[in-house]
Amino acid sequence: MNITREQLEKNQIWLFAIALLIGGIVGISKESLGTSLEWMIAPLIAMLMYGMFTQIPFLKLREAISNVRFIGALLIGNFIAVPIIVWLLITLFPLSPPILIGVCFVLLTPCIDYVIVFTQLGKGNEKLILAATPILFVVQMLLLPLYLWLFIGEEMAGTVHIKPFLEAFLLLIVAPLILAVMTQFWAKKNALGEKALDLTAWLPVPLMAIVLMVVVASQIGKVYSDFKLILPAIPIYILFLIVTPFVSRFIAYAFRLDTEAGRALMFSTGTRNSLVVLPLALSLPESWATLAAAVIVTQTIVELVGELIYIKVIPKMM
């Protein structure tokens with residue numbers, strides 16, 4: 001039976017759930033095997049980001065910028081409202097330094113990949129999110145160091161060394177981004193390039209499933225063994241998922257966004273960039289890296305459950 005790309009994308013949530021389940025089983029029953037897969041995370045994410053970036057209309061960025069109201073709401077929601085929510089949550093639920101930095105990493109960076117899928121499934125305007133992705137990405141990378149300094153303090157921020165971050169940024173973001181833009185230019189000028197670009201559209205879903213499986217298989221043992229330490233972060237993740245749609249709905253009304261754009265905003269503020277920041281967490285000093293990575297993986301698991309609820313609830317909220 002031939003599977004179309006549309007069918008693959010339509011059923012990707014179940015594919016991701018199966019990938020998480022397989023990863024969990026492998027990571028718990030064969031922990032040494034799961035741990036041995038850790039080296040694959042960064043290259044796989046780089047490939048995933050290339051697949052994602054080729055689908056982002058970088059050459060039509062002007063169209064995204066022209067929707068001033070949505071971009072304004074998106075920036076305020078993700079980079080003013082969300083940091084305030086995170087600050088309130090970490091104030092209410094004090095965390096140890098490695099847990100705190102993991103929580104800050106993952107909650108302060110808006111998702112730029114599977115949020116597009118969830119927005120579509122939740123009857124939002126996924127094209128707006130897709131077009132705004134380059135802006136979201138650039139702004140979060142510029143602001144993340146500032147947020148870390150404000151939220152974890154200068155002394156703790158000093159343990160975060162810039163070199164591994166820079167290496168991860170160049171490998172996971174810059175290199176795939178340049179390749180994706182080159183592919184798009186090639187597709188504009190050449191029929192073979194156009195076919196190559198069409199083929200890359202098949203990459204995101206299977207690569208996302210593989211990444212989720214490898215991440216969970218390699219990290220679930222740490223989550224399991226350090227669960228008591230990670231446990232205080234879980235209420236923060238759950239409350240974040242509950243609070244952000246209400247805040248972003250208010251922002252959507254303030255900016256007079258239409259229904260589908262408002263839903264897109266709600267998905268964007270509620271969905272975080274866990275897979276991209278995971279290698280950044282793994283580049284921390286060894287004593288912190290294990291816990292910070294486990295905290296980020298825990299957020300991914302909590303969030304995927306939350307997104308399945310979002311798909312049903314957000315269309316009714318707006």
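**Helix packing around α17**

Tutor: Helices α14 and α17 count as roughly parallel to each other. The cut-offs are these: angles under 35 degrees are roughly parallel, over 145 roughly antiparallel, 65 to 115 roughly perpendicular, and the rest oblique. α14 and α17 pack at about 30°, and their axes are 10 Å apart. Each axis is a line fitted to C-alpha atoms, for helices over the stretch in contact, and angles run from 0 to 180 degrees between N-to-C directions.

A word on the ground rules. The model is predicted, so local features need pLDDT of at least 70 and side-chain atom pairs count only at pLDDT 80 or more, while totals for chains, interfaces and linings use all residues. Residues are numbered from 1 along each chain as its sequence is written, and side-chain values use heavy atoms, with hydrogens and water left out. Helices (H or I, at least four residues) and strands (E, at least two) are DSSP runs, numbered from the N terminus.

Back to the pair. The crossing of α14 and α17 is right-handed. Now find the contact, which means heavy atoms within 4.5 Å. On the α14 side, look for residues including Tyr-237, Phe-240, Leu-241 and Arg-249. On the α17 side, they include Val-295, Gln-299, Glu-303 and Tyr-310. This contact has 13 nonpolar, 4 polar and 2 charged residues. Here Ala, Val, Leu, Ile, Met, Phe, Trp, Tyr, Cys and Pro are nonpolar, Asp, Glu, Lys and Arg are charged, and the others, Gly among them, are polar.

Stay with Tyr-310. Its ring pairs with that of Phe-267, edge-to-face, at 5.9 Å centre to centre and 80° between the planes. Rings of Phe, Tyr and Trp (its six-membered ring) pair if their centres lie within 6.5 Å; planes under 30 degrees apart are stacked, over 60 edge-to-face, and the rest tilted. The structure holds 3 aromatic pairs. In this one, distant parts of the chain are linked: Phe-267 sits in α15 (residues 259-270) and Tyr-310 in α17 (residues 286-317), 43 residues apart. Both Phe-267 and Tyr-310 are buried. Buried means under 20% relative accessible area, exposed over 50%, and partly exposed in between (1.4 Å probe, protein chains only).

Next, α7 against α17. Their axes come within 8 Å and cross at roughly 45°. That angle makes α7 and α17 oblique to each other. This crossing is right-handed. From α7, the contact includes Pro-97, Ile-101, Val-103 and Phe-105. From α17, it includes Trp-288, Leu-291, Val-295 and Gln-299. By class, the count is 13 nonpolar, 2 polar and no charged residues. Note that Val-295 and Gln-299 are named in the contact with α7, and also in the contact with α14.

α7 has another partner. Helix α6 (residues 68-92) packs with α7 (residues 97-107) at about 160°, with the axes 11 Å apart. So α6 runs roughly antiparallel to α7. The crossing of α6 and α7 is right-handed. Val-82, Val-86 and Ile-90 of α6 meet Leu-100, Val-103, Cys-104 and Leu-107 of α7. That contact is made of 7 nonpolar residues, with no polar and no charged ones.

Pro-145 lies in α9. Pro-145 is exposed, because its relative accessibility is 52%. Gln-140 also has its place in α9 (residues 126-157). Gln-140 is buried, because its relative accessibility is 2%. Setting aside neighbours within four places in sequence, Gln-140 touches Phe-79, Thr-109, Pro-110, Ile-112 and Asn-273.

Arg-256 is placed between α14 (233-254) and α15. Most residues other than glycine have a negative phi. Arg-256 has a positive value, near 55°. Arg-256 is exposed, because its relative accessible area is 62%.

Technical notes
A crossing is left-handed if the near helix is turned anticlockwise from the far one by less than a right angle, and right-handed if clockwise.
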